[in-house]
Amino acid sequence: MPLETKGYHGKIARVNLTTGAITMEEPGDEFYRTYVGGHGFISYFLFREVPAGCDPLGPQNKLVFATGALTGLPFAGSGRHAIGAKSPLTGGYGAGEAGGFWGNEFKRAGFDALIVEGASAKPVYIWIKDGEIAIRDAAHLWGLECKPAEQAVRDEHNDQRIRFAQIGPAGENKVLYATISNDLNEFVGRGGMGAVMGSKNLKGVACRGTKLPDVADMKTILEMNKWMATDGKKLYAGLGELGTAGGTLGSSMQGNLPTLNFRFGHFPGRGLPAMHGDAPDQDRVDATETLSPTEACLTADTHGGAEKITGQTMKDTGFLIGTEGCFACGVKCKRVVASSDRYRVDPDYGGPEYETIGMMGSNCGVDDLEAVGYANMRLGALGMDSVSCGATIGWAMECAEKGLIPQEDLDGLDLRFGNVEAWLEVIERIAYRKGPIGNLLADGSYRAGQKYGPEAVALAPVVKKQEHPAHEPRVKHGLGLGYMVSPTGADHMHNFHDTGYTKRTTPLHPLGITKPLPANDLSPEKARMVAYTVNWRHFQNSAIYCMFLPWTMEQVTDLVSAATGWKTSLFELIKVGERVNTLSRLFNLREGLTHETDKLSKRFLTAFESGPLKGVGVPEDKVMEARRAYYALNGWDPETGVPTDGKLYDLDLTWTKRYEPSLSSAD
Amino acid sequence: MEGSSLVIHVRAQGHLKQFRPDKQERFSLELPAEATVRLLIEASGIPWDEVGLVAVNGRQVEESQVLASGDDVMLMAPMEGG
């Protein structure tokens with residue numbers, strides 16, 4: 001029966017790399033309205049099809065590429081897609097989102113999603129053009145970094161407009177935090193989706209398409225986009241001017257900037273420039289010239305290091321040479337940075353975002369912005385997540401400084417905080433699993449820590465073995481709760497940032513949340529704020545659109561109606577997000593990731609030794625109480641976090657009970 | 001009243017300068033004695049809810065902070081994620 005719903009093609013492609021079979025499915029209106037796209041599709045297919053206990057890097061795992069109702073439509077924020085699989089890093093539900101142009105191109109090529117299963121005997125890539133799918137040989141692409149690989153595919157088809165979602169050498173070598181990137185500067189970064197792709201001998205998915213599905217009301221979509229480009233513009237002006245990097249200095253002042261493996265939240269510097277005027281103000285220069293980064297953090301409550309790597313400095317020093325945006329978006333939050341004699345940077349890989357600056361910069365004690373720009377390019381070329389990579393290197397530096405990793409295991413690398421030379425070298429070794437230290441750190445901080453005992457494990461900044469992004473639970477306690485209960489492990493992409501709701505809660509008013517709360521609050525009211533926001537985020541990642549665009553919940557409801565023709569409501573949409581949250585939890589429970597894994601590592605329960613939040617840690621008793629409240633708010637058992645039957649009825653997920661307690665069949 | 005006013009140096013980071021009449025990022029304001037950060041923001045013409053974080057002499061402060069003459073104030077926009 002043809003699809004009545006607009007905004008979709010109604011077609012989901014399936015490619016089996018073991019057999020070479022390419023098939024098509026048309027799941028119908030009810031499926032689309034229930035799961036919408038993105039994480040909705042991913043959680044559905046992973047739960048139904050990926051056998052419990054399977055090797056994430058084996059052929060039984062499946063890799064799902066998904067767009068949503070809003071992907072590729074002509075309005076700002078629609079250039080997004082999601083990719084998911086069982087994560088080799090966490091052993092549970094894995095998924096991430098990326099911007100750029102691939103999602104739009106894939107959708108125009110005639111499909112709503114692509115499920116890749118099995119594994120190829122030799123390197124291949126998938127080629128999709130206007131409804132046709134082929135498996136192509138990729139022997140000539142295997143081993144290439146991302147830019148030459150993308151160029152080779154474009155040249156092969158004599159079409160420079162092809163978009164290529166791909167792995168770099170890190171994915172080929174199954175680094176557990178390898179990315180799948182597109183457009184060279186957009187990444188599905190978390191959870192090792194690139195390693196899953198590498199395990200299937202799949203180098204990439206190339207797309208070229210010319211036809212969007214019909215939408216119900218294009219006039220409304222265009223009018224709303226016009227509003228965002230005019231009246232709405234002032235709402236995102238800051239992001240366009242300095243990018244996400246603009247928040248780096250403020251982050252340090254709040255104690256929020258990951259510094260030296262999250263031991264500190266502020267980043268003092270050496271020889272910082274004055275805050276006003278061109279000449280350095282001697283009274284304000286940190287007296288840390290002769291101190292190690294650790295000693296500086298312990299003794300100085302200043303932020304010179306953060307100031308050297310913040311977005312404003314990027315602009316003031318001329319390091320910033322341009323900005324870029326994603327499909328149909330005028331925000332242009334992405335950075336383009338300059339090459340220099342010291343570090344040759346290819347601008348096609350873009351410049352560092354806040355996450356990269358925080359995790360690869362301050363978290364490793366590096367205050368050289370040009371070096372961070374270069375590392376950002378190398379991570380892009382190699383296809384590695386800057387969050388997990390920076391956290392893992394920072395962890396190794398602390399362990400090395402404390403003697404927890406013996407010298408002989410460091411393979412000649414002087415992994416001190418702030419040692420740029422060793423820091424750049426270890427990136428390369430990780431990507432190629434070169435030598436004992438490269439191979440060790442390619443498995444992430446938690447697994448590496450297991451080699452060296454409980455003290456080393458305790459320093460790993462992880463939830464469910466996935467490293468924390470550059471946002472600090474000791475500043476934002478609700479965010480810490482969000483990390484604990486996230487289905488993907490520590491992840492800020494479906495989380496709550498307390499500091500945005502201490503003065504006002506305007507964006508949450510449509511959900512009935514009207515009372516601002518302090519960032520360090522962990523009351524049941526905060527748990528409610530977190531639960532509602534997280535479920536909305538899961539919807540956003542299903543629809544799928546960029547959360548940097550200040551679309552209100554009411555506007556998004558209108559956009560979804562205009563795209564699909566559904567007369568939908570905010571109630572229906574947030575239920576979609578809630579469904580994703582519960583379904584991904586059911587996936588994790590089936591894999592053995594119970595409430596026992598919903599906890600923060602010791603580092604974040606320990607008080608800061610210095611800095612703006614000296615003496616502040618996340619209070620364990622309060623955050624565990626907030627976890628009980630969060631479970632209950634979601635209709636999960638307050639102690640075990642297992643969804644109740646009532647919640648399964650509520651979310652139309654009773655079908656999942658047929659799959660309990662575990663799947664033993666292969667297909 | 002002579003001797004009781006404060007001169008405060010301000011840097012409005014990022015897009016916050018767009019709210020200033022001359023669009024300049026760095027400027028000085030003369031404020032009455034005992035002026036708070038909140039009063040400074042109001043006097044600057046930058047909307048209160050556009051300001052995510054305020055630092056005085058390099059340290060984050062609350063908006064109730066009382067200013068002293070010669071203080072360097074940095075106003076930053078709220079920023080999350082990345």
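Student: What share of the 82 residues in chain B is buried?

Tutor: In this predicted model, buried residues account for 39% of chain B. A residue is counted as buried because 20 or more other C-beta atoms lie within 10 Å of its own.

Student: Which secondary structure pattern does chain B follow along the sequence?

Tutor: The pattern is β-β-α-β-β-β, and chain B comes to 1 helix and 5 strands. Of its contacts between residues at least 6 apart in sequence, 63% join residues at least 24 apart.

Student: What is the strand order of the open sheet in chain A?

Tutor: The 6 strands run in the order β2-β1-β6-β3-β4-β5, with mixed pairing.

Student: Why are β2 and β5 of chain A called edge strands?

Tutor: β2 (22-25) and β5 (93-98) of chain A each pair on one side only, which is what makes them edge strands. Neighbouring strands of this sheet are turned by 15° against each other on average, direction ignored.

Student: What makes β4 and β5 of chain A a pair?

Tutor: Two strands pair if DSSP finds at least two bridges between them. Strand β4 (residues 81-86) of chain A and β5(A) have 6 bridges, in the antiparallel sense, so by that cut-off they pair. Within this pairing, A82(A) stands opposite E97(A) in β5(A).

Methods
Residues numbered from 1 in each chain as written. Chains lettered and ligands numbered in written order. Predicted model: local features only at pLDDT ≥ 70, side-chain atom pairs only at ≥ 80, totals over all residues. Helix = DSSP H or I, 4+ residues; strand = E, 2+ residues; numbered from the N terminus. Buried ≥ 20, exposed ≤ 12 C-beta atoms within 10 Å, placed from the backbone. Contact = placed C-beta atoms within 7 Å. Axes fitted to C-alpha atoms, helices over the stretch in contact; angles between N-to-C directions.
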